Amino acid sequence: MPLELKATINLPKTAFPMKANLPQNEPKMLERWGQMGIYERIREARKGAPRYILHDGPPYTSGPIHMGTALNKCLKDFIVKSKTMAGFDAPYVPGWDCHGLPIEIKVDKELGGKKLQMRPTDVRAECRKYAQKFLDLQRNQFKRIGVFGRFDRPYATMTPQYESVVLSTFFSFYENGFVYKGLRAVYWCMHDETALAEAEVEYENHTSSTVWVKYGLLDDPAAIDPALAGKKVSTIIWTTTPWTLPASMAVAFHPDEEYVALESGGEVYIVASKLAADAAAKCSLADPRALAHFPGRKLERLNFQHPFLDRKVLGVLADYVTMDTGTGVVHTAPSHGAEDFITGVKYGLDATSNVDEKGILRNGLPEYTGKRVWEANQPITDLVRSRGALLHTEKTEHSYPHCWRCHNPVIFRATEQWFISMETPMPGGAGKNDTLRTRTLEEIKKVKWDPAWGEERLSNMIQTRPDWCISRQRVWGVPIAVFLCEACGKPLNDHAVNQKVVELFAKSGADAWFTAESDTILPEGTKCPHCGGAKFEKETDIFDVWLESGTSYRALVDYEPD
């Protein structure tokens with residue numbers, strides 16, 4: 001019989017099996033930990049020790065965990081367990097973000113056309129059911145990978161207590177003058193049919209139809225320069241969004257840049273001097289001859305002819321007009337651009353949007369009415385060509401804003417939205433320059449950042465961030481629970497009423513806003529402080545989920561100090 005080599009070696013003998021058999025043994029180990037209440041026993045053992053709190057930023061309950069959520073939870077678990085072993089009382093309360101578009105979109109697909117016939121409360125019930133299903137699934141999955149925490153009592157953004165804290169936080173801004181509702185050109189996702197905040201937009205490559213279009217001058221050109229007297233004068237704009245031309249209300253020039261009047265083929269074209277050679281080449285201007293040079297401010301408040309509508313278009317000044325590409329002249333549609341809107345307010349231009357929530361053009365000419373914005377580019381380009389105003393067109397690939405959720409390109413669309421102002425002075429502050437923005441920047445400096453570059457990144461973001469658009473035109477979320485006057489549309493801001501709504505949410509949840517239960521909140525005889533109206537309706541927009549998740553620390557730590 002052959003000798004076994006291992007029998008010739010003096011090895012220790014153990015009862016450990018050769019294989020770990022983890023698929024079988026890990027569930028048994030987790031079950032034993034659960035039965036013994038290991039998390040609670042650890043907390044009890046550390047009672048009275050210095051406290052270390054790692055607040056859990058909640059994942060979405062829109063599906064099973066993935067590598068990103070698993071890594072996130074494991075890293076947090078490493079920190080909490082290491083702090084516990086270092087002698088700290090380190091509680092860990094997992095949380096879940098249960099509202100918002102990711103969940104509502106999934107439910108939309110499940111419901112299909114049936115959703116259109118459902119009441120908001122019924123749609124919300126389906127969303128709640130969907131969110132709860134994946135909260136329970138993710139909870140078990142996180143426990144399965146060995147994460148310790150208070151999984152039997154997590155926090156969730158769809159509980160009545162949490163929803164009431166979100167609303168209470170909003171009212172603390174609202175009652176102190178930080179919140180306003182107004183018409184603004186905001187990012188709009190046509191696919192999800194809702195406004196987006198700047199943080200919900202990411203940039204991807206996009207191919208656009210770019211056009212160079214002439215706008216004929218209606219006023220006496222001699223007012224610009226005597227050399228232009230009696231000439232047929234136009235300016236040339238360029239745009240990567242031909243679909244916005246029906247909304248064109250102005251042409252913008254840089255006040256301090258030099259412009260030149262180029263004569264070619266019996267007509268005169270005004271463009272920026274720095275871009276004249278490129279514009280002449282693009283637009284095939286034969287033997288262009290410079291007749292006059294002048295600053296952009298000379299063109300302010302002159303009237304130009306819209307290329308295909310019976311409309312006068314105003315010459316305006318804007319510092320954002322750049323000299324790196326195009327013609328140095330920008331067509332301005334206040335309803336479809338953030339800067340355009342600001343310019344429109346300055347010059348009193350119409351900002352009415354004739355593009356609906358689905359991105360379909362309305363109230364225009366037959367050539368493009370009823371078409372979605374991208375489908376309207378070609379017929380509008382053809383229309384400009386038929387009117388003799390198209391000088392050049394080409395395809396341009398450039399960086400363009402897309403919705404971070406559905407990854408479809410977005411547009412700017414002027415709609416009424418709710419905003420938190422970054423420039424409102426702080427109550428009891430040091431003056432008009434002590435604003436929400438400056439105070440936030442000061443608080444950022446007080447935080448110890450790891451890695452250190454996080455401080456500069458967030459500071460730069462806050463420094464340039466416009467007012468925060470907090471409203472969304474969806475169903476699944478915490479509603480902006482404000483009463484609006486039916487006569488003038490102004491919102492009611494009454495502390496006593498606001499507190500009653502918060503109490504209602506704490507008792508019955510945010511769903512109560514969509515039921516008759518909330519109709520009894522307004523006291524008999526309530527009148528609008530703006531117009532004296534006695535009839536009110538309820539705002540139906542919901543909050544941006546980032547406002548919800550931003551209140552999570554307050555919802556947990558302020559209400560559960562232990």
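Which side chain meets that of Asp434 in a salt bridge? The partner is Arg439, with an N to O distance of 2.7 Å. The model discussed here is predicted.

## The Asp434 pair

Asp434 is buried, because its relative accessible area is 11% and the cut-off for buried is under 20%. Arg439 has 27% relative accessibility and therefore counts as partly exposed.

## Salt bridges between separated segments

The structure holds 36 salt bridges. One of them joins Arg43 and Asp89, whose closest N and O atoms are 2.8 Å apart. Arg43 belongs to helix α2 (residues 38-45), while Asp89 sits in the loop between α3 (67-85) and β1 (95-96), so the pair ties together parts 46 residues apart in sequence. Arg43 is partly exposed, at 21% relative accessibility. Asp89 is buried, with a relative accessible area of 5%.

A further salt bridge is formed by Glu200 and Arg405, with 3.0 Å between the closest N and O atoms. This pair links distant parts of the chain, 205 residues apart: Glu200 is in the loop between β4 and β5 (201-216), and Arg405 is in the loop between β14 (390-403) and β15 (411-420). Glu200 counts as buried at 1% relative accessibility. Arg405 also counts as buried, at 17%, because the limit is 20%.

## Helix α4 and its surroundings

Helix α4 spans residues 101-111, and its buried residues are Leu101, Pro102, Ile103, Glu104, Ile105, Val107 and Leu111. These buried residues pack against α5 (120-144) and β4 (194-196). An α-helix has 3.6 residues a turn, so residues three or four places apart point the same way.

Glu104 is one of the buried residues of α4, and a network of salt bridges links Glu104 with Asp108, Lys115 and Arg474. After α4 comes Gly112, which has a positive phi near 65 degrees.

Side chains of opposite charge can pair when their charged atoms come close. What is the nearest side chain of opposite charge to Asp340, and how far away is it? It is Arg311, at 11 Å. Asp340 is buried and has no salt bridge; the distance to Arg311 is 11 Å, whereas a salt bridge requires the nitrogen and oxygen to be within 4 Å.

Asp340 is found in helix α8 (residues 338-347). With neighbours within four places in sequence left aside, Asp340 is in contact with Tyr320, His331, Thr332, Ala333 and Pro334.

Note on methods
Residues numbered from 1 in each chain as written. Predicted model: local features only at pLDDT ≥ 70, side-chain atom pairs only at ≥ 80, totals over all residues. Heavy atoms only, no water. Helix = DSSP H or I, 4+ residues; strand = E, 2+ residues; numbered from the N terminus. Buried < 20%, exposed > 50% of the residue type's maximum accessible area, 1.4 Å probe, protein only. Lys, Arg positive; Asp, Glu negative; His and termini not counted. Contact = heavy atoms within 4.5 Å.
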